Number of protein chains: 2
Amino acid sequence: MARAATTADVFNAVAEPGRRQILDLLGPEERPVNDLVQLTGFTQPQVSKHLRVLREVGAVAVREDGRRRLYRVNGRALKPIHDWVQTYEQTWSDRFDALDEVVAELDSKEAGDDRE
Amino acid sequence: MARAATTADVFNAVAEPGRRQILDLLGPEERPVNDLVQLTGFTQPQVSKHLRVLREVGAVAVREDGRRRLYRVNGRALKPIHDWVQTYEQTWSDRFDALDEVVAELDSKEAGDDRE
DNA sequence: TTGACATATTCCAATATCGGTATGTAATCT
DNA sequence: AGATTACATACCGATATTGGAATATGTCAA
């Protein structure tokens, strides 16, 4: 009878726009936290917190460099998302869009059928 | 200074496991709400609420059939997710994993450089 | 050592989200 | 018409999540 925990999985980690932005900024390049603070305009603690979530789901990896921590993306953590969404890809390809229209027409023509 | 709104975008709509389950059950097939209630074990209001969120981001479409409402997936709404995550796909392919290792080695060898 | 710098963590308040129960609305059936 | 079925919405309580400010930790520099 309460809110379900979310931050523990990749889907939610990435659902936060700020965290996507951070991942995008990291891109394939390593960056220290401060870079991300500058580039995003977020406060430093906010960035650290986002990075923590991303770390916990494995979406980023850290490397220590003196007093800086260099973060970089670990894209493999995003694979589950890719795999899941890919099963729907066909439904938006143009080829299937055309098919959809045909189906829609058929549906409206036999609107009274006892399907399922 | 508060929690940010989420439910309004596809990434968040899909971040909820229950909603992914519903989308998966709908698959390419139309289904009335009650089917989803049976199949998921969720309460009927819960299913309706999830469907609402999915509707608002365009991930499902409804068709009225008497007193039933037949829902179906509109996969195209998931395209932004697909597009976003695809830019990271290379980072988990084996080919690029090998490349990553090389890069990591180079990085550690020139650890003091003034990267931006 | 003392101070500056880079990052992480803790504490706090506001609120969106989730789950549940109860109710509303509309269509079908007798 | 009344009863029943199918679904949506409203309301409520609990809590996770966000964001902010302050603080802690750790590293370098003088």
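These entries record what I looked up in a predicted model with chains A and B.

**Entry 1. Confidence**

I then asked which elements of chain A mark the lowest and the highest confidence. The lowest value belongs to helix 6 of chain A, residues 94-109, with a mean of 59. The highest belongs to strand 1 of chain A, residues 31-32, at 98. I also noted residues 112-116 of chain A, where pLDDT stays under 50. For that stretch the model has zero contacts beyond four places in sequence.

**Entry 2. Composition of chain A**

I listed the secondary structure next. Chain A contains six helices and three strands. Along the sequence, I read the order of elements in chain A as α-α-β-α-α-β-β-α-α. Of its 116 residues, 29% count as buried. I also looked up the sequence range of the contacts in chain A. Among those with a separation of 6 or more, 51% are between residues 24 or more positions apart.

**Entry 3. The sheet of chain A**

I turned to how the strands are arranged. In chain A, three strands make an open sheet with the order 1-3-2, and their pairing is antiparallel. Strand 1 and strand 2 (60-65) of chain A each have a single partner strand and stand at the edges, so one side of each lacks a neighbour in the sheet.

I then examined one pairing by residue. Strand 1 of chain A is joined to strand 3 of chain A, residues 68-73, by two bridges, and the two run antiparallel. Which residue of strand 3 of chain A stands opposite A:Arg31? I found A:Tyr71 in that position.

Helix 2 of chain A, residues 17-26, lies across strand 1, strand 2 and strand 3 of chain A. The helix runs at about 95° to strand 3 of chain A.

**Entry 4. The strands of chain B**

B:Arg31 has B:Tyr71 as its bridge partner in strand 3 of chain B.

For strand 2 of chain B, residues 60-65, I found six bridges to strand 3 of chain B, again in the antiparallel sense. In this pairing I noted B:Glu64, whose bridge partner in strand 3 of chain B is B:Arg69. Strand 2 and strand 3 of chain B form a hairpin with two residues between them. In the turn, B:Gly66 has a positive phi of about 65°.

**Entry 5. Relation of the two copies**

**Entry 6. The interface**

Finally, I inspected the contact between the chains. On chain B, 22 residues are in contact with 22 residues of chain A. The elements giving two or more residues to this side of chain B are helix 1 (10-15) and helix 5 (79-86) of chain B. Helix 5 of chain B supplies the largest share, six residues. By type, I recorded the residues on this side of chain B as 11 nonpolar, six polar and five charged.

Technical notes: Residues are numbered from 1 along each chain as its sequence is written. Chains are lettered from A and ligands numbered from 1 in the order in which they are written. This is a predicted model: local features need pLDDT of at least 70, side-chain atom pairs count only at pLDDT 80 or more; totals for chains, interfaces and linings use all residues. Two residues are in contact if their C-beta atoms, placed from the backbone, lie within 7 Å. Helices (H or I, at least four residues) and strands (E, at least two) are DSSP runs, numbered from the N terminus. Ala, Val, Leu, Ile, Met, Phe, Trp, Tyr, Cys and Pro count as nonpolar, Asp, Glu, Lys and Arg as charged, and the others, Gly among them, as polar. pLDDT is the predictor's confidence in each residue, from 0 to 100. Two strands pair if DSSP finds at least two bridges between them. Axes are lines fitted to C-alpha atoms, for helices over the stretch in contact, and angles run from 0 to 180 degrees between N-to-C directions. A residue is buried if 20 or more other C-beta atoms lie within 10 Å of its own, exposed if 12 or fewer, and partly exposed in between; C-beta atoms are placed from the backbone.
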